[in-house]
Amino acid sequence: MRWSALAWKNLSGGWRRALSVGSFTFLAGFFMVCFICFIDSVKTNMETAVINALSGEIRLAPMGAEEEDIFSLSGSWEDTKYLTKEQINSAERILKEKINSVETVKRVRHNVLLISDTSETGGMILGIEPHATAYRKVLSLSAGRYIENDYEVILTETQAEALEVGVGDVLGVLAQTKAGYNVDNALTVVGIGSVDLLNLFGYNVAYTDLRSAGELMGLAEGEATDVILYTGDPQQITEVKTLLATALTGQQVAVTTWRQTGGFIMGGLHFLSILYYSFTVILLFIIGVLLINIISMILLERREEIGTLRAIGFGRWRIAWLFLLEIALLTAFFCLLGVGAGSGLVLFLGRKTLEVPPPINYLTGKSFRLIYNPVRVLPVIGIICGVTLAVAFFPVCRAAKVKPVELLQEKN
Amino acid sequence: MDIVDLQRVTKDYELGQTKVHALRGIDLQIKEGEFISIAGASGSGKSTLLNLIGGLDSPTSGVIKINGTSINNLSEGELNRLRLQTIGFIFQSFNLIPVLNVYENIELPLLIMKAVSPQERKERINHFIAAVGLSGQVKQKPYELSGGQRQRVAVARALVTKPRIVLADEPTANLDSKTGLEIIDLMHHINRLEGTTFIFSTHDAKIMQRADRVILLEDGTIKPDNSERNEERR
């Protein structure tokens, strides 16, 4: 008989006891897998939304622009930084020669006052080149179409409601140029829609064409506040960024990746990670406390056995090791079952796009697809087994330490 | 040389505010190969005496020597080794592991005896299974056995490490009188065959008559009036 066989016989012989410990590790494995996949999916979807709607994979901006957070705007309009025509031409030449990016988009970001016949509201506009397609993947239109021509705008539902306008209406737009002059323009509403996944962060940006936004900011033709690009391969982002940064040395152009965008949207994504880890820690803590109690009860039931083993010459560490081996086998088995069941559920649900009702859709978007990532799931087994063994260690050692005569006297 | 030598051994327990004198200055010498009964009424100190000899408990005062070596100051590890290699235990309630079968219960102490090879382990187990007459019940679990059979397994488990002393605390208390006598006779048979020293406690007159020597305990002291009858037994 081997130690593992002895442990297995003890487990199978006392299957009710084993089941009480096993059920907790099963549930821990199951819920952790479901939760980690849910949070991972939400985070990945949100990151995709940030990249497609806002930051691009790589962004070229004027050196010194305080735009880590694209929403932030400190100082006066005169201080607004922008890329000159020469800088953009230089960057475009390098991009053309050295990098085969999927999409490059010049943008102008500006704060304006949108005015309708009945109302007005302030907001941010994002002027993009009409050929841009990435934003279309995450901006869901409830009416109309995407930007195709100059002097067009897509409003969010909130803006359209506030301004009481619909597709086809013409809006007045008032802004201050970078030189400090007031300027107005007229934009036709061609679409109404929003980036669902960023609603949670109050992302309320009106998309317009590059030319209109440039005029409102007082930029000359060929100038822009930034250029974003998409490599089409997330693995290449860092490499391309390094290459671009090297090539643009001395051009006063800052090259950043979407991960460096910062701001409260990225802060929100970090918060999701913190939420996950907090949930995990709390779940493991609760399970740990429950397991300590259950294991202590089991060891109380088995005091006679411990006493017998001590009497016939088993040392306390040998007994502790035997019990920990039992717990390790039990935890690994049930944890695998839990992780397997959780993975099965996630894979099953991940086969279809789920229509999610409010308020959960603030996290998930209206349509949500669960993503299963085995690299993130596998450590769950190690974490649960480790925590279970850690919490079992103290009661097991305490039980094994008792003098055999005390245990034998209890029986007799 | 005496295999067990107790010199002025006392053992006191604290029970709340009360101090209980379980053993009061016991002097006892046991030679190797003896078959000894420790008799006395309930509470006379029989189990305490056996626990002290077995190193399961420590005396309040006095010296306990096993095979010439004092065990009073042995470390926990040394006591474990002593119990594993020199002393075998048989309990009143058999104390078998319920999930293990007859073979595995007997094998249990050998799991931690590194010096015994797998082949020798197998031979020893089968030898003692045959010696206690359980060759037909090797695969059975304790709950499938009668009380007598369970105690036979316990006897085999105590002997499988080839100890020099076997301590049995009321080994017949949970058995009917016929089965009890059978167990004692089995132990006596092994005592003669293997030369193992057996020390068992009992308060049953029929059982103690089977012993070569009876140590009568009363209120924690040995009654000196049974030496003549012990000589007759020898």
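This report covers strand pairing, helix packing and aromatic pairs in a predicted model.

## Basis

The model is predicted: local features need pLDDT of at least 70, side-chain atom pairs count only at pLDDT 80 or more, and totals for chains, interfaces and linings use all residues. Residues are numbered from 1 along each chain as its sequence is written, chains are lettered from A and ligands numbered from 1 in the order in which they are written, and side-chain values use heavy atoms, with hydrogens and water left out.

## The sheet of chain B

Chain B holds an open sheet of six strands in the order 6-7-8-3-9-10, with mixed pairing. Strand 6 (87–90) and strand 10 (221–222) of chain B are the edges; each has a single partner strand, so one side of each lacks a neighbour in the sheet. Helices (H or I, at least four residues) and strands (E, at least two) are DSSP runs, numbered from the N terminus. Two strands pair if DSSP finds at least two bridges between them.

Strand 7 (residues 165–169) and strand 8 (residues 197–202) of chain B run parallel, joined by five bridges. B:L167 has B:I199 of strand 8 as its bridge partner. Helix 6 (residues 177–194) of chain B lies across strand 3 (35–40), strand 6, strand 7 and strand 8, at about 160° to strand 8. Axes are lines fitted to C-alpha atoms, for helices over the stretch in contact, and angles run from 0 to 180 degrees between N-to-C directions. Contact means heavy atoms within 4.5 Å.

## Strand 2 of chain A

Strand 2 (residues 103–115) of chain A pairs with strand 3 (residues 120–128) in the antiparallel sense, over nine bridges. A hairpin of four residues links strand 2 to strand 3 of chain A. Here A:R107 stands opposite A:I128.

Strand 2 of chain A also runs antiparallel to strand 9 (residues 226–230), with five bridges. In that pairing A:E103 faces A:Y230. Strand 6 (residues 170–176) of chain A is another antiparallel partner of strand 2, over three bridges. There A:I115 stands opposite A:G172.

## Helices 1 and 2 of chain A

Two packed helices are described by the angle between their axes and the distance between the axes. For helix 1 (residues 3–13) and helix 2 (residues 15–55) of chain A, the axes come within 5 Å and cross at roughly 95°. That makes helix 1 roughly perpendicular (65 to 115 degrees) to helix 2 of chain A.

From helix 1 of chain A come A:N10, A:L11, A:S12 and A:G13; they meet A:W15, A:R17 and A:A18 of helix 2. The contact residues divide into three nonpolar, three polar and one charged. Ala, Val, Leu, Ile, Met, Phe, Trp, Tyr, Cys and Pro count as nonpolar, Asp, Glu, Lys and Arg as charged, and the others, Gly among them, as polar.

## Aromatic pairs

There are 11 aromatic pairs over all chains. Rings of Phe, Tyr and Trp (its six-membered ring) pair if their centres lie within 6.5 Å; planes under 30 degrees apart count as stacked, over 60 as edge-to-face and the rest as tilted. A:F333 and A:F334 have ring centres 5.2 Å apart and planes at 85°, so the pair is edge-to-face. A:F333 is partly exposed at 44% relative accessibility. A:F334 is buried at 13%. Buried means under 20% relative accessible area, exposed over 50%, partly exposed in between (1.4 Å probe, protein chains only).

The rings of B:F35 and B:F198 are tilted: centres 5.8 Å apart, planes at 55°. B:F35 is in strand 3 and B:F198 in strand 8 of chain B, so the pair ties together parts 163 residues apart in sequence. B:F35 is buried at 0% relative accessible area, and B:F198 is buried at 1%. In chain A, A:F26, A:F30 and A:F31 form one aromatic cluster.

Key. Angles under 35 degrees count as roughly parallel, over 145 as roughly antiparallel, 65 to 115 as roughly perpendicular and the rest as oblique.
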